[in-house]
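Subject: Structure handover

Dear colleague,

Please find below the structure I promised to pass on. My notes on what was found in it follow directly after.

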Amino acid sequence: MKRRTLLGLGATLGIGACATREVTMGNRYYQGPVSDHFDGETFFNPGGTPPKGFGDVLKWQLRGDRADWPDGVAVTQVVPDMRVADLRVTLVGHATVLLQAGGVNVLIDPVWSKRVSPLSFAGPARVTAPGIAFANLPPIDVVLLSHNHYDHMDIATLRRLHDRFAMPVITPLGNDTILRDEVPGIDARAGDWGDVIKVADLSVRLLPAHHWSARGTRDRRHALWCSFAVETGAGRIYASGDTGYDAGRPYDAGAAHGPYRLAILPIGAYAPRWFMKGQHQNPEEAVAGFRTLGARHALAMHWGTFRLTDEARDEPPAKLRKALAESGISDETFRAVAPGTAWDVPA
């Protein structure tokens, strides 16, 4: 059995916030009307599984069996074109994706830091280097930020992006407060599920995902999480962010705003299932979601960069290939590629 510290566990997934009692003294980031996913103080998944508590964290930590990962993985970095007329997607690593569509450049959940943690000296460290060197980024027109866990909201990277590009950041409710506090002058534009934000010749619709949020011990579920449906000059793109499968409900919501030329879907950080199922789907569920969306193609993300959970580094793409074969879907249709791979998505 290989154990890990609560800090290393929680820094990325927000699980550190449930490694203590949930403490709330009013919402720190958002005040707004009650809705079907906001009770006046915290956000929640309607009809869905709530995040695990302290006892479950301890059970996982003390009884879990964690697969070994390599200390480092070689990456051949790519230098992107400044603009792409049609549709190209490049996996930077983990959930960070460069989307180039119809001449517009979009970064999703950008992370270039060494660690995804509230501490610079501890917490999950990067095993796989970014597939694009930060200095080689093309002009970034907009950032899509799905939620505030440290492996998706990396303040150091967002500061660097703001200083260089001063681009708008589209994010769910409450996360804009964090961004403005941490990055003075940032153009943070927040929306609720169902809202549409238009920017840089894009139409970005925020949609449900089955997840949660926290940056520390006193802000659990004080900010919303989401997936995105993006209308571009090169077609519609669905970017799920982090999500549990949740009986397919996030994908039912997404399918209503298709059809999609490309879906960007997570396949990793799913083990052990009894703990992770509510917040992270596995490859089989990713394939089911892909079929529900009716997307023509998909890119796999959220695997192989930071060791967050119990599965081996190369297990998610292997399980994805098996699930695709069992569903009669080509692995060229739903691709799990190495960071630094640029894919010109077929029309």
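Helices (H or I, at least four residues) and strands (E, at least two) are DSSP runs numbered from the N terminus.

Before going further, please note that this is a predicted model, in which local features need pLDDT of at least 70 and side-chain atom pairs count only at pLDDT 80 or more, while totals for chains, interfaces and linings use all residues. Residues are numbered from 1 along each chain as its sequence is written, and side-chain values use heavy atoms, with hydrogens and water left out.

H7 covers residues 283–293, and its buried residues include Pro283, Ala286, Val287, Phe290 and Leu293, where buried means under 20% relative accessible area, exposed over 50% and partly exposed in between, with a 1.4 Å probe and protein chains only. At the start of H7, a side-chain oxygen of Asn282 comes to within 3.2 Å of the backbone nitrogen of Glu284, and after the helix comes Gly294, with a positive phi near 70 degrees.

Strand S9 (residues 227–232) and S10 (residues 235–239) run antiparallel and are joined by 5 bridges, and Glu231 stands opposite Arg236 in S10.

Asp219 sits in the loop between S8 and S9 and counts as buried because its relative accessibility is 0%. Leaving aside residues up to four places away in sequence, Asp219 touches Arg28, Tyr29, Ser213 and Ala214. The side chains of Asp219 and Tyr29 are joined by a polar contact of 2.5 Å, that is, a pair of N or O atoms within 3.5 Å, of which, within protein, one must be able to donate a hydrogen and the other to accept it, residues adjacent in sequence counting only if both atoms are side-chain atoms. A polar atom of the Asp219 side chain also lies 3.0 Å from the backbone nitrogen of Arg215.

Most residues other than glycine have a negative phi, and most peptide bonds are trans. His94, however, has a positive phi near 55 degrees; His94 is found in the loop between strand S1 (87–93) and strand S2 (96–101), and counts as buried because its relative accessibility is 3%. Ala200, in the loop between S7 and strand S8 (202–207), has a positive phi of about 50 degrees and counts as partly exposed, at 31% relative accessibility. Cis peptide bonds, with omega about 0 degrees, join Gly258 to Pro259 and Ala271 to Pro272; Pro259 is in the loop between helix H5 (249–255) and S11, whereas Pro272 is in the loop between S11 and helix H6 (273–276).

Best regards

Notes: Pairing = 2+ DSSP bridges. Contact = heavy atoms within 4.5 Å.
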